[in-house]
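Please look over the sequence and the model before turning to the points below.

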Amino acid sequence: MDGEYFLKRFVCTVVLFVISINFIIFIPRRIFLLIGWDGLGVVSFLLVIYFQNSKSLCGGIVTCLSNRMGDVFLIISLVVVGSCGTWSFWSINLRFQMQYVFLFLVCFGAFTKSAQFPFCSWLPMAIAAPTPVSALVHSSTLVTAGVYLLIRFSNVLVFSRFLLNFIIVRSCVTIVIARFRAIQHWDAKKIVALSTLRQLGFMVFCISVGIPDLAFYHLCIHAIFKALIFMCVGVFIHCFETQDLRKIGGIVGCLPYVSFIFIRAQISLAGFPFLSGYFSKDLIVEGALDNSFNYVAYLLVIIRIFCTS
């Protein structure tokens, strides 16, 4: 992005984005969670429309409206939990009458932020942002905020078996949709974004089967190699001046070092033995199969592994 006229504005907006995600992570009070959650939606809209063309504006509007829905769910949950007389994560008595309403609101708010079905349309459209923003948004910040929220409430979700089964079905549908949509596209950044969507469904599945610690581990591992993949794709797009995979060829000869890094990140994503993705997926399969689920859930575990490789 060297030579960009609005580079200072871009850097300031990215800093605001990082500050918003820090509000969600480090401050265990619900009012600050809402501030950080709302900040992510607003700042992501500003980043997606950075190039100020029709494609960016369309993607920004869809992203903003989808995240507004998540904000509404979170605000309503804030009103529901206000009857407990506290804003803290750790001081809530969830044995009250509206606990299931509260949990459903939290889950739907997380679904909108992490692009789970039926709110999965905005994630591929957010690639209209600059590639550094895509690496930040699609790897470790905006899309993982919903997963992180579910991890924070994972000790409460076990109260509702129906809700866990509901989350399992949603994550399964998300993975299948992302898998088949990726087959139909030639846009390099959109394919990587759909790969992120599959991994998000995989993390949500981990939470629903009772292994949130492994979901957080996979979230951290995924943030590293997915950001690396996005930056390598950005280099390819800058070199060939196109995002169409049909017009990109001879990468190893033109960019051998970047190609090696890209292949290394891809095989880690696929779960190649003794790389980071292999250890996270292996532990997740072992932990999921050790839980007391039916044979349908066992089959879904295996299908998810193949669909997210």
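Which residues form one aromatic cluster? The cluster consists of F73, F104, F108, F111, F162 and F166. The model examined here is a predicted one. The protein has 15 helices and zero strands, and its chain comprises 309 residues, of which 54% are buried.

- Among contacts with a separation of 6 or more, 75% are made by residues 24 or more positions apart.

**Aromatic residues**

- A pair of aromatic rings is described by two quantities, the distance of the centres and the angle of the planes.
- The structure holds 11 aromatic pairs.
- In the pair of Y50 and F51, the ring centres are 5.4 Å apart and the planes stand at 65°; the pair is edge-to-face because this angle is over 60 degrees.

**The largest pocket**

- Rolling a probe the size of a water molecule over the atoms shows where empty space is left.
- The largest pocket has a volume of about 510 Å³.
- Its lining consists of 20 residues, and those closest to the centre are F51, P130, T131, G234 and I237.
- Two or more lining residues come from each of the helices α3, α6 (131-137) and α11 (212-240).
- Helix α11 gives the most to this lining, with five residues.
- By class, the lining of the largest pocket has 10 nonpolar, six polar and four charged residues.

**The second largest pocket**

- The volume of the second largest pocket is about 370 Å³.
- This pocket is lined by 22 residues, and A188, I191, V192, S195 and Q266 are the closest to its centre.
- Helices α9 (161-183), α10 (188-208), α11 and α13 (256-269) each give two or more residues to the lining of the second largest pocket.
- The largest share of this lining, six residues, comes from α10.
- The lining of the second largest pocket divides into 14 nonpolar, five polar and three charged residues.

**Selected residues in helices**

- S20 is found in helix α1, which spans residues 7-26.
- With a relative accessible area of 8%, S20 falls under the 20% limit and is therefore buried.
- Apart from neighbours within four places in sequence, S20 is in contact with G36, G39 and L40.
- I76 lies in helix α3, residues 54-81, and its relative accessible area of 39% makes I76 partly exposed.
- The C-alpha atoms of I76 and V106 are separated by 9.2 Å, although the two residues are 30 residues apart along the chain.
- I303 belongs to helix α15, residues 295-307, and counts as partly exposed at 36% relative accessibility.
- I303 and V176 are 127 residues apart in sequence, and their C-alpha atoms are 9.4 Å apart in space.

Note on methods. Residues are numbered from 1 along each chain as its sequence is written. This is a predicted model: local features need pLDDT of at least 70, side-chain atom pairs count only at pLDDT 80 or more; totals for chains, interfaces and linings use all residues. Side-chain values use heavy atoms; hydrogens and water are left out. Helices (H or I, at least four residues) and strands (E, at least two) are DSSP runs, numbered from the N terminus. Buried means under 20% relative accessible area, exposed over 50%, partly exposed in between (1.4 Å probe, protein chains only). On a 1 Å grid over the protein atoms alone, a cavity is a set of points where a 1.4 Å probe fits but cannot get out, and a pocket is an open set with protein on both sides within 12 Å along at least five of seven lines; lining residues have an atom within 4 Å of a point. Grid points are joined across faces, edges and corners, and a volume is the space filled by probe spheres set on the points. Ala, Val, Leu, Ile, Met, Phe, Trp, Tyr, Cys and Pro count as nonpolar, Asp, Glu, Lys and Arg as charged, and the others, Gly among them, as polar. Contact means heavy atoms within 4.5 Å. Rings of Phe, Tyr and Trp (its six-membered ring) pair if their centres lie within 6.5 Å; planes under 30 degrees apart count as stacked, over 60 as edge-to-face and the rest as tilted.
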